[in-house]
Amino acid sequence: MNTRDSYFPQAIFGSNESLPRVLIAPQRYIQGPGVIDRVGTYLSLVPAKRAGILISKRGQRADGVRLVDSLKRSGIEYKINTFNGECSIDEIDLHVGELADEGVDCLIAVGGGKCVDAGKCIAWRLDVPVVIVPTLASNDAPCSALSVLYTPEGVMSGAEFFPRSPVLVVVDTAIVANASERYLVAGMGDAMATWYEARACFANPNATTTIGARPTLAACAIGEVCASTLFDEGLAAAEAVAANRVDEPLEKVVEANTLLSGIGFESGGLALAHAIAQSYTAVPVVHANQLHGEMVAMGTLAQLVLESQEEAKRVADFFARVGLPVHLGQLSLSTDDKAALDTAVEVTMAFPSAHNMPMLMTRDVIRDAILNAHELGLAVAKSSGDAAWRKLHA
Ligand SMILES: [Zn+2]
């Protein structure tokens, strides 16, 4: 295994009696239609002369062609490495081994959340800056200085932190608009949690953010704008992607899903929503069928039923309108599956961010929250229908 000394932000920020407020963010965030064709120009900011590119086989035939053309026009050499689909230590070691003697001075990760996270781990081990080019707006991974690690089978196994944030995040909204609508909608599920989790952390003086610090007002404000953007523009943005169209609602929601959600979760803190979402990756049937943001959506409803019935209802209505799951059936889970529910409760209980909630978390509280969210979602699906969800899961 290729290792560097691990970086523990908690040891840096958490060593004081009173925790400091800390905000972290990428150095540059660039978003717009066609920006992938200018990555070569943007790399002059890094600066980079020879880039490693981490990208899937499928991506190499599509977005990768334009990225490589852009590098060629800027006279930047490159070495392409094929990402095999999982952000696991095996996968990371493979690429570190292959790139170690290639003399690359930056790593560009092009793809979905797991490719992006693997790219951060590889760049850290190679001691080069990482450039993130997300091709989906389905998750909050691109802007953060941490990666979630999985076993080769895809079960969450830990997280890794980095002292440097991505040097560039380049989001081509035309590429996002041409991806499946389900990805953008899943990203809204992930992003909607941001405000509620940051708010819970802010309200609980004992809560800490992912880097072991206290949230800033800035991160909370970002989370709040993230949620209001989704309520205002989410449906229109989903319609834009369904029509492969880049318009103002899509631009706003891509920014909410990627930049606002990314800074918001990292510097605002996580709470119960992501704890429950991660617990679902330990339930094989859920993990096999659901995207991260879809699991976070159900986690958010569970967190909200503990906090405000009115807000829980408002969010469930929104989720149903855009096609996110609102009850366990839509998450491929049956309430009769006691073993699966037990697993979810146990894993949630062991996930530190669950205990950022202002109230005491016990197994019973978590189980009731999951089941009460399910009941609320069933009622919402009954009154407003499940046409949007069905459309995305046809
Ligand atoms: Zn997330």
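Me: Is Thr300 buried or exposed?
Reply: In this predicted model, Thr300 has a relative accessibility of 1%, so Thr300 counts as buried. The cut-off for that class is under 20% relative accessible area.

Me: Which helix is Thr300 in?
Reply: Thr300 is found in helix α13.

Me: And what does Thr300 touch, leaving out residues up to four places away in sequence?
Reply: With that exclusion, Thr300 touches Gly189, Ala193, Tyr196, Ala273 and Phe319.

Me: Phe319 is on that list. Is Phe319 buried or exposed?
Reply: Phe319 is buried, since its relative accessible area is 0%.

Me: Which ring pairs with the ring of Phe319, and how are the planes set?
Reply: The ring of Phe319 pairs with that of Phe318. The two centres are 6.2 Å apart and the planes stand at 55°, so the pair is tilted. Phe318 also counts as buried, because its relative accessibility is 1%.

Me: How many aromatic pairs are there in the whole structure?
Reply: A search of the whole structure gives 3 aromatic pairs. Phe231, Phe318 and Phe319 are linked into a cluster by ring pairs.

Me: Which charged end sits over the ring of Phe231?
Reply: That of Arg314, at 3.7 Å from the centre of the Phe231 ring.

Me: What about Lys114, which ring is under its charged end?
Reply: The charged end of Lys114 sits over the ring of Tyr150, 4.1 Å from the ring centre.

Me: Back to α13. How does α13 pack on α16?
Reply: Helix α13 covers residues 292–307 and helix α16 covers residues 363–384. Their axes are 8 Å apart and the packing angle is about 100°. The two helices are therefore roughly perpendicular to each other, as the range for that class is 65 to 115 degrees.

Me: Which residues meet there?
Reply: From α13 the contact has Leu301, Ala302, Val305 and Leu306. From α16 it has Val365, Ala369, Ile370, Asn372, Ala373 and Leu376. By type, the residues of this contact are 9 nonpolar, 1 polar and no charged.

Me: Now α8 and α11, at what angle do they cross?
Reply: The axes of α8 (residues 181–203) and α11 (residues 272–280) cross at roughly 140° and come within 8 Å. These helices are therefore oblique to each other. An angle has to be over 145 degrees to count as roughly antiparallel.

Me: Which residues make the contact between α8 and α11?
Reply: Asp190, Ala193 and Glu197 of α8 make it with Leu272, Ala273 and His274 of α11. The contact of α8 with α11 divides into 3 nonpolar, 1 polar and 2 charged residues.

Me: Where is His292, and what does it touch outside its sequence neighbourhood?
Reply: His292 has its place in helix α13. Not counting residues up to four places away in sequence, His292 touches Asp140, Asp190, His274 and Gln278. His292 counts as partly exposed because its relative accessibility is 24%.

Me: How far is His292 from Glu307?
Reply: Their C-alpha atoms are separated by 23 Å, and the two residues are 15 residues apart along the chain.

Me: Last topic: where does Glu102 lie?
Reply: Glu102 lies in the loop between α5 (89–99) and β4 (106–111). With a relative accessible area of 26%, Glu102 is partly exposed. Leaving out residues up to four places away in sequence, Glu102 touches Arg50 and Lys79.

Me: And how far apart are Glu102 and Ala51?
Reply: Glu102 and Ala51 are 51 residues apart in sequence, and their C-alpha to C-alpha distance is 9.4 Å.

Conventions: Residues numbered from 1 in each chain as written. Predicted model: local features only at pLDDT ≥ 70, side-chain atom pairs only at ≥ 80, totals over all residues. Heavy atoms only, no water. Axes fitted to C-alpha atoms, helices over the stretch in contact; angles between N-to-C directions. Helix = DSSP H or I, 4+ residues; strand = E, 2+ residues; numbered from the N terminus. Parallel < 35°, antiparallel > 145°, perpendicular 65-115°, else oblique. Contact = heavy atoms within 4.5 Å. Nonpolar A, V, L, I, M, F, W, Y, C, P; charged D, E, K, R; others polar. Phe/Tyr/Trp six-rings, centres within 6.5 Å; stacked < 30°, edge-to-face > 60°. Buried < 20%, exposed > 50% of the residue type's maximum accessible area, 1.4 Å probe, protein only. Lys NZ or Arg CZ within 6 Å of the ring centre and 35° of its normal.
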